[in-house]
Amino acid sequence: MESEGGQKTLNPEAWVDRYADYLYNYAISRVGDENIAKDILQDTFVAALQASKSFKGNAAERTWLVAILKHKIIDHYRRSNSQKAKAEVPLGSEFDPSGEGNPLQRQIADPESTRENDPIENSELGLAIQNCLSQIPQNHARAFSLKTIEHWTTEDICKELNISPSNLWVMVHRARTALMECLNTQWFKNN
Amino acid sequence: MISCDEAAVICSKTQYREAGFWERLQLRMHLLICKTCPSFSRKNRQLSNLCDQAVIKTLSSEEKSRLKKRLQSTSSEDA
């Protein structure tokens with residue numbers, strides 16, 4: 001989490017709740033397999049935790065995690081493309097988080113290079129939604145997600161989150177309003 | 001007559017077909033006289049379409065707690 005005054009620290013306890021779904025979808029969109037994506041996600045969190053001392057605070061926590069995730073995806077492709085290649089991409093200073101530095105990174109960062117248009121657009125849309133959800137208050141995001149993505153009944157969500165239905169609707173509504181704002185320019189047609 | 005804020009919450013509720021008859025009626029009336037809410041209502045409908053269209057996978061809560069445990073054991077190894 002970002003604290004006041006530009007000083008940034010990490011908050012590993014909250015990583016799973018806040019970023020796991022986004023990172024998981026990101027990984028699926030790049031490797032196309034849910035189980036591999038789960039492994040990569042776990043490796044990412046573990047690597048992030050081990051590297052947390054080297055977190056310089058010059059990137060937002062989420063950006064930093066995505067950068068590590070990209071590394072792990074590249075590692076995965078290295079391993080599956082060549083059994084000989086044992087080289088892991090080091091999590092050091094030579095890593096370029098913009099993804100433009102090294103050609104392998106660039107290729108993975110560009111989903112259109114390998115896949116067809118429509119499913120990609122829909123999974124990119126899913127990512128955009130998850131991305132927005134990771135930026136809004138977590139209880140709103142969770143209420144929205146349970147209702148809209150996981151299709152829970154109102155009753156079950158109220159029990160799970162221990163809130164009243166009218167509370168739930170206000171939270172869902174806040175999340176929707178924030179999403180409209182966040183997704184605005186790219187996904188909404190102006191009318 | 002309901003306020004714009006109330007209308008907006010009902011509007012979100014209708015996206016899940018869970019607004020009652022009375023609420024829907026109040027919303028309709030509000031949309032007839034309000035200048036700003038109809039465009040919100042349109043966007044809200046678009047958002048529902050986007051959500052239906054989006055490919056989104058979520059980890060189950062068991063998978064999330066397993067991940068959390070894994071992280072906790074990693075951080076205590078380091079300590």
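The largest pocket in this predicted model has a volume of about 560 Å³. By pocket I mean, on a 1 Å grid over the protein atoms alone, an open set of points where a 1.4 Å probe fits, with protein on both sides within 12 Å along at least five of seven lines. The volume is the space filled by probe spheres set on the points, which are joined across faces, edges and corners. Lining residues have an atom within 4 Å of a point. There are 22 of them here, and Cys11(B), Thr14(B), Gln15(B), Tyr16(B) and Arg17(B) are the closest to the centre of this pocket.

Two or more residues of this lining come from each of helix H6 (138-149) of chain A and, in chain B, helix H1 (4-14), helix H2 (21-33) and helix H3 (37-53). Helices here are DSSP runs (H or I, at least four residues), numbered from the N terminus. With 6 residues, H2(B) gives the most to the lining of the largest pocket. By class, that lining holds 8 nonpolar, 6 polar and 8 charged residues. Ala, Val, Leu, Ile, Met, Phe, Trp, Tyr, Cys and Pro count as nonpolar, Asp, Glu, Lys and Arg as charged, and the others, Gly among them, as polar.

A word on conventions. Residues are numbered from 1 along each chain as its sequence is written, while chains are lettered from A and ligands numbered from 1 in the order in which they are written. Local features need pLDDT of at least 70, side-chain atom pairs count only at pLDDT 80 or more, and totals for chains, interfaces and linings use all residues; side-chain values use heavy atoms, with hydrogens and water left out.

Of its 21 lining residues, Asp17(A), Asp21(A), Arg142(A), Ser145(A) and Lys64(B) are the closest to its centre. H1, helix H5 (117-133) and H6 of chain A, together with helix H4 (61-78) of chain B, each supply at least two residues of the lining. Which helix gives the most to it? That is H6(A), with 6 residues. The lining of the second largest pocket divides into 7 nonpolar, 7 polar and 7 charged residues.

I turn now to helix packing in chain A. Helix H1 (residues 12-31) and helix H2 (residues 34-50) pack at an angle of about 140 degrees, with their axes 9 Å apart. Axes are lines fitted to C-alpha atoms, for helices over the stretch in contact, and angles run from 0 to 180 degrees between N-to-C directions. H1(A) and H2(A) are therefore oblique to each other, given that angles under 35 degrees count as roughly parallel, over 145 as roughly antiparallel, 65 to 115 as roughly perpendicular and the rest as oblique. H1(A) passes H2(A) in a right-handed crossing, in which the near helix is turned clockwise from the far one by less than a right angle. Their contact comprises 16 nonpolar, no polar and 2 charged residues.

The axes of H2(A) and helix H3 (residues 61-81) of chain A come within 9 Å and cross at roughly 125 degrees. H2(A) and H3(A) are therefore oblique, and their crossing is right-handed.

The contact of H1(A) with H3(A) has 13 nonpolar, 1 polar and 4 charged residues.
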